[in-house]
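Subject: The structure we talked about

Hi there,

Here is the structure I promised to pass on. Have a look at it first, and then read on for what I found.

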Amino acid sequence: MTMKRIYSLLAPLAAAVLLCTGCIGEDDYADTPQDNLRALWTIINEKYCFLDYKAQAIGLDWGAVYPKYASRLTADMNSSQLFEVLCDMLSELQDGHVNLYHPADMGRYWAWYEDFPTNFNEDIHREYLGTDYKIAAGLKYKILDDNIGYIYYESFSSGIGEGNLDEVMYYLRACNGLILDIRNNGGGQLTYAEKLAQRFTNEPRLVGFMAHKTGPGHNDFSRPQPEFLHPSSGIRWQKRTIVLTNRKCYSSANTFVRNVMECPLVTVLGDKTGGGSGMPFCSELPNGWLVRFSACPMYDARMQQIEFGIEPDCYVSLSEEDIKRGKDTLIESARQLLKQKP
């Protein structure tokens with residue numbers, strides 16, 4: 001599938017560096033179509049962290065990718081034509097964390113969610129929130145009419161502080177249970193994802209592992225280091241929680257789901273998440289374009305890959321019948337589950 005593009009960026013190309021965890025310098029290449037392609041292929045070959053896994057999972061043959069796209073190059077091709085070829089090559093990775101930054105464009109792969117049901121209806125969701133919900137930083141929250149707490153967090157790019165979370169938890173303290181809705185949350189800061197997850201555990205919990213690339217070989221990684229979720233020093237939620245997910249839960253939202261699935265009072269309900277488990281880094285091509293790519297793989301507590309998403313505890317889809325009735329199947333299923341005895 002061709003990597004799609006957007007044709008307006010709100011900031012110069014240099015600002016794209018801020019989207020990456022770190023930047024890596026490259027050897028000198030000539031600024032020609034052939035060398036830009038070769039440099040990009042080499043960066044991925046030596047530094048991308050999922051080549052062997054994706055060879056197994058989707059049949060990716062990265063060695064065969066280079067001649068396939070080199071055959072599309074011409075010496076007199078313009079910048080836009082080269083950009084299209086390079087983006088198409090990166091799409092072979094099927095990774096939403098892989099981007100190519102041109103001064104007037106950004107290449108990205110969005111098929112990780114485009115071919116899946118949305119399981120979210122904005123109009124119906126607006127009816128559930130109403131106009132009397134409260135807002136604490138990035139959190140929208142209220143008490144539903146059956147005394148169940150509801151929080152919607154649409155992006156981990158929206159900051160939350162410990163004070164915000166204390167106030168929200170205290171306000172909802174008398175509720176019989178909690179629905180935490182992160183559908184359509186495409187990620188953001190891991191710090192906020194961890195801060196929220198810490199409210200659902202009373203003891204340190206092993207939630208996963210992370211490794212780092214140590215060399216140019218596809219399997220050159222450090223020993224995976226364990227990652228623990230530590231309890232917050234603030235107000236922690238002590239009742240059952242249903243986390244709602246859909247395919248657009250990506251990157252740090254994917255990591256959040258990985259973490260809270262290890263908490264005993266949390267149930268994940270909805271659809272499989274979108275994935276995106278590689279910590280991104282950046283490199284520069286000979287022509288100055290930046291490429292962002294996954295460099296550090298993250299795993300769950302059983303050392304299983306979560307790059308292509310996490311299965312929910314309970315699969316629930318938004319039904320056409322409920323849409324016609326103005327109901328959200330996932331929210332209603334969560335309410336019913338919370339009313340049942342554990």
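Let me start with a pair of strands: β9 is joined to strand β10 (residues 225–229) by 5 bridges, and the two run antiparallel. Please keep in mind throughout that this is a predicted model. If you want a place to look along that pairing, take M210, whose bridge partner in β10 is Q225. Strand β9 also pairs with strand β15 (residues 298–300), again in the antiparallel sense, over 3 bridges. There, G208 stands opposite D300 of β15. Strand β9 itself, residues 205–210, is mostly covered, with 5 of its 6 residues buried.

**The seven-stranded sheet**

There is an open sheet of 7 strands with mixed pairing, and its order is β5-β6-β7-β8-β11-β12-β16. Which strands stand at the edges? They are β5 (134–136) and β16 (314–315); each has a single partner strand, so one side of each is left without a neighbour in the sheet. For β5, the pairing with β6 is antiparallel and covers 3 bridges. Within it, A136 stands opposite L139 in β6.

Helices lie against this sheet. Helix α7 lies across β5, β6 and β7, and runs at about 15 degrees to β6. Helix α9 packs on the sheet too, where it touches β8, β11 (241–245) and β12, and its direction makes about 150 degrees with that of β11.

In soluble globular proteins, nonpolar side chains tend to be buried together. Here the largest nonpolar core has 33 residues, and those with the most contacts inside it are I182, L196, F200 and F256. Several elements give two or more residues to this core, among them the strands β6 (139–143), β7 (149–153), β8 (178–181) and β12 (266–270), and the helices α7 (162–171), α8 (190–197) and α9 (252–260). Helix α9 provides the largest share, 4 residues.

Apart from its neighbours within four places in sequence, L196 is in contact with Y153, F156, I160, L165, L180 and F256. A second, separate core has 31 residues, including F50, L51, L82 and F293.

**Aromatic rings**

How many aromatic pairs does the structure hold? There are 13. A pair of aromatic rings is described by the distance of the centres and the angle of the planes. With that in mind, look at W41 and W62: their ring centres are 6.3 Å apart and their planes are at 5 degrees, so the pair is stacked. This pair links distant parts of the chain, as W41 is in helix α1 (residues 33–47) and W62 is in helix α3 (residues 62–70), 21 residues apart. Both count as buried: W62 has a relative accessible area of 3%, and W41 is at 18%, where the cut-off is under 20%.

W41 has another ring partner, Y66. In this case the centres are 5.8 Å apart and the planes are at 65 degrees, so the pair is edge-to-face. Here too distant parts of the chain are linked, with W41 in α1 and Y66 in α3, 25 residues apart. Y66 is partly exposed, with a relative accessible area of 25%.

Elsewhere, Y48, F50, Y53 and F308 form one aromatic cluster. As noted above, F50 also belongs to the second core. Two rings have a charged side chain over the face. R173 lies over Y170, at 3.9 Å from the ring centre, and K213 lies over F221, at 5.4 Å from the ring centre.

**Two asparagines with positive phi**

Most residues other than glycine have a negative phi, and most peptide bonds are trans. N119 has a positive phi, near 50 degrees, without being a glycine. N119 is placed in the loop between α5 (111–114) and α6 (122–129). Is N119 buried or exposed? At 4% relative accessibility, it counts as buried.

N147 also has a positive phi, of about 65 degrees, and is not a glycine. Its place is the loop between β6 and β7, and N147 is partly exposed, with a relative accessible area of 29%.

Definitions and conventions. Residues numbered from 1 in each chain as written. Predicted model: local features only at pLDDT ≥ 70, side-chain atom pairs only at ≥ 80, totals over all residues. Heavy atoms only, no water. Phe/Tyr/Trp six-rings, centres within 6.5 Å; stacked < 30°, edge-to-face > 60°. Buried < 20%, exposed > 50% of the residue type's maximum accessible area, 1.4 Å probe, protein only. Lys NZ or Arg CZ within 6 Å of the ring centre and 35° of its normal. Core = buried A, V, L, I, M, F, W, Y, C linked by side-chain atoms within 4.5 Å. Contact = heavy atoms within 4.5 Å. Pairing = 2+ DSSP bridges. Axes fitted to C-alpha atoms, helices over the stretch in contact; angles between N-to-C directions.
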